[in-house]
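This briefing is for a reader new to the structure. Please look at the sequence and the 3D view below before going through the points.

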Amino acid sequence: GEDHERVAVVLGNMASVLDDQGKGAEALAVWEKSLDILRRTLGSSDNGQVATSLLNLGSSYRFQGMPDEALARFEEGLGVVRRIHPERNVMEGKFLASIGNIYTEQGRLDDALAWYKKAHRIYRKTLGAESAEVGRELG
């Protein structure tokens with residue numbers, strides 16, 4: 001049936017393609033459906049797949065010019081990641097940088113810089129200070 005984790009994953013793939021095709025409104029609807037299925041089938045929102053879905057959904061909202069909706073998804077996802085990975089991980093850095101991107105686009109540069117610094121600290125801690133991935137994640 002429709003309520004299966006694998007269905008949610010396929011819907012996420014479809015939403016990504018729709019985003020790539022410039023069909024943002026359609027992509028958002030599919031991302032939302034995928035997230036809804038994940039929440040129902042996994043029994044909890046505190047799950048890595050839910051966090052990834054929130055990051056993707058937030059990014060889609062951002063690219064559609066809907067920063068408030070994007071920020072809400074990024075903040076929710078950041079909370080999920082912090083609950084399931086209190087020791088910090090790369091996904092937390094991705095959410096922090098994504099929030100920084102929203103603030104940059106809004107002209108809130110001091111706020112953006114603060115969020116980017118947090119992301120940088122997480123990446124240095126989780127990937128290693130000399131890792132080339134630190135630059136890639138922030139780039």
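Predicted model: local features only at pLDDT ≥ 70, side-chain atom pairs only at ≥ 80, totals over all residues.

**Residues in helix α2**

E32 has its place in helix α2.

- E32 has a relative accessible area of 26%.
- Leaving aside residues up to four places away in sequence, E32 touches L57, Y61 and R73.
- E32 and R121 are 89 residues apart along the chain, and their C-alpha atoms are separated by 31 Å.
- I37 is also found in helix α2. The relative accessible area of I37 is 1%, so I37 is buried.
- With residues up to four places away in sequence not counted, I37 touches E2, D3, H4, V7, A8 and L11.
- From I37 to I99 the sequence separation is 62 residues, and the C-alpha to C-alpha distance is 25 Å.
- R40 is another residue of helix α2, which covers residues 24-42. R40 has a relative accessible area of 43% and is therefore partly exposed.
- H4, which is among the residues that I37 touches, has its C-alpha atom 8.7 Å from that of R40. Along the chain, R40 and H4 are 36 residues apart.

**The loop between α4 and α5**

- R88 lies in the loop that joins α4 (67-84) to α5.
- The phi angle of R88 is near 85°, a positive value in a residue that is not glycine. Most residues other than glycine have a negative phi.
- R88 has 32% relative accessibility, so this residue counts as partly exposed.

**The aromatic pair**

- How many aromatic pairs does the count give? The count comes to one aromatic pair.
- The pair is formed by the rings of Y103 and W115, with centres 6.4 Å apart and planes at 50°. Planes under 30 degrees apart would count as stacked and planes over 60 as edge-to-face, so this pair is tilted.
- The pair links distant parts of the chain, with Y103 in helix α5 (residues 90-105) and W115 in helix α6 (residues 109-127). The two residues are twelve residues apart.
- Are Y103 and W115 buried or exposed? Both Y103 and W115 are buried.

**The chain as a whole**

- The protein has seven helices and zero strands. Read from the N terminus on, the elements run α-α-α-α-α-α-α.
- The C-alpha trace spans about 45 × 30 × 25 Å along its principal axes.
- Why does the radius of gyration agree with that of a compact globule? For 139 residues, a compact globule would have a radius of gyration near 14 Å, and the protein has 15 Å, which agrees.
- Of the 139 residues, 36% are buried.
- Among contacts between residues at least 6 apart in sequence, 49% join residues at least 24 apart.

**Surface and charge**

- The accessible surface of the protein is about 7500 Å². Carbon and sulfur atoms account for 49% of that surface.
- The protein has 18 positive and 21 negative side chains. The centres of these two sets lie 5 Å apart.

Conventions: Residues numbered from 1 in each chain as written. Heavy atoms only, no water. Helix = DSSP H or I, 4+ residues; strand = E, 2+ residues; numbered from the N terminus. Rg over C-alpha atoms; globule rule 2.2 N^0.38 Å. Buried < 20%, exposed > 50% of the residue type's maximum accessible area, 1.4 Å probe, protein only. Contact = heavy atoms within 4.5 Å. Areas by Shrake-Rupley, 256 points an atom, 1.4 Å probe, with all protein chains shown as cover. Lys, Arg positive; Asp, Glu negative; His and termini not counted. Charge placed at Lys NZ, Arg CZ, Asp CG, Glu CD. Phe/Tyr/Trp six-rings, centres within 6.5 Å; stacked < 30°, edge-to-face > 60°.
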